[in-house]
Amino acid sequence: MATSSHLNWLIIRNNNAFLLKKRDVKRPFSTEPNNLTNVSSYRYSGVVHKKTLGVVPAADKKGFTAVLKKGKYGQRPAKNTVRVNFKAGPRRSLKKLKNLLIGSKYRKDLTQAALRRASAVLRSQKPAQVKAKKPE
């Protein structure tokens with residue numbers, strides 16, 4: 001028997017293995033896969049929705065990988081996820097990701113969050129610039 005995503009969220013929202021609750025933080029964080037903002041909320045949850053999107057660094061640390069969860073194969077984990085690698089440079093990769101999400105009509109509310117996550121992953125892969133010390 002299939003249950004609705006709202007019912008699933010009501011069951012797991014206050015108590016699950018992915019929650020990170022901290023003192024003086026109003027909104028708990030989440031470590032679940034396919035959660036783009038790492039905030040524990042129904043909108044961004046990667047567990048309860050049939051269609052989700054995750055952005056992770058590529059295996060070779062060059063570029064990023066978009067992990068799409070298909071709603072059609074909800075009960076078949078082997079066919080459930082699709083991984084798409086983006087390595088063509090930052091601007092081109094972000095444009096390709098945006099075109100992928102818009103073209104496949106894949107949850108419009110997650111498009112901007114996905115682009116931000118991808119941009120952060122690309123930024124983290126840049127080598128840190130060392131400031132040259134001025135001779136005194």
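Tutor: We can; keep in mind that this is a predicted model. The end C-alpha atoms of residues 7-124 lie 37 Å apart, and the span is 32% helix and 19% strand.

Student: What feature is placed at residues 7-124?

Tutor: An unreviewed UniProt entry places "domain: Ribosomal eL28/Mak16" there.

Student: Why are β3 and β5 said to stand at the edges of the sheet?

Tutor: The open sheet has 3 strands in the order β3-β4-β5, with antiparallel pairing. β3 and β5 (81-86) each have a single partner strand, so one side of each has no neighbour in the sheet. On average, neighbouring strands are turned by 20 degrees against each other, direction ignored.

Student: What makes β3 and β4 a pair?

Tutor: Two strands pair if at least two bridges are found between them. β3 and β4 are joined by 6 bridges, so the pair meets the definition. In β4, F64 is the bridge partner of P57.

Student: Which helix packs on this sheet?

Tutor: α3 does, touching β3, β4 and β5; its direction makes about 10 degrees with that of β4. α4 lies across β3 and β4, at about 10 degrees to β3.

Student: Which residues of α4 are called buried, and what covers them?

Tutor: Buried means under 20% relative accessible area. In α4, the buried residues are T111, A113, A114, L115, A118, V121 and L122. Their cover includes β3 (52-57), β4 (64-69) and α3 (90-103).

Student: How does the reach of α4 compare with what is expected?

Tutor: α4 (residues 111-124) has 14 residues and reaches 20 Å from first C-alpha to last, close to the expected 20 Å.

How values were computed. Residues are numbered from 1 along each chain as its sequence is written. This is a predicted model: local features need pLDDT of at least 70, side-chain atom pairs count only at pLDDT 80 or more; totals for chains, interfaces and linings use all residues. Side-chain values use heavy atoms; hydrogens and water are left out. Helices (H or I, at least four residues) and strands (E, at least two) are DSSP runs, numbered from the N terminus. The expected span of a helix is 1.5 Å times one less than its number of residues. Buried means under 20% relative accessible area, exposed over 50%, partly exposed in between (1.4 Å probe, protein chains only). Contact means heavy atoms within 4.5 Å. UniProt positions are given in the numbering used here, feature names are shortened, and annotations may be inferred rather than shown by experiment. Axes are lines fitted to C-alpha atoms, for helices over the stretch in contact, and angles run from 0 to 180 degrees between N-to-C directions.
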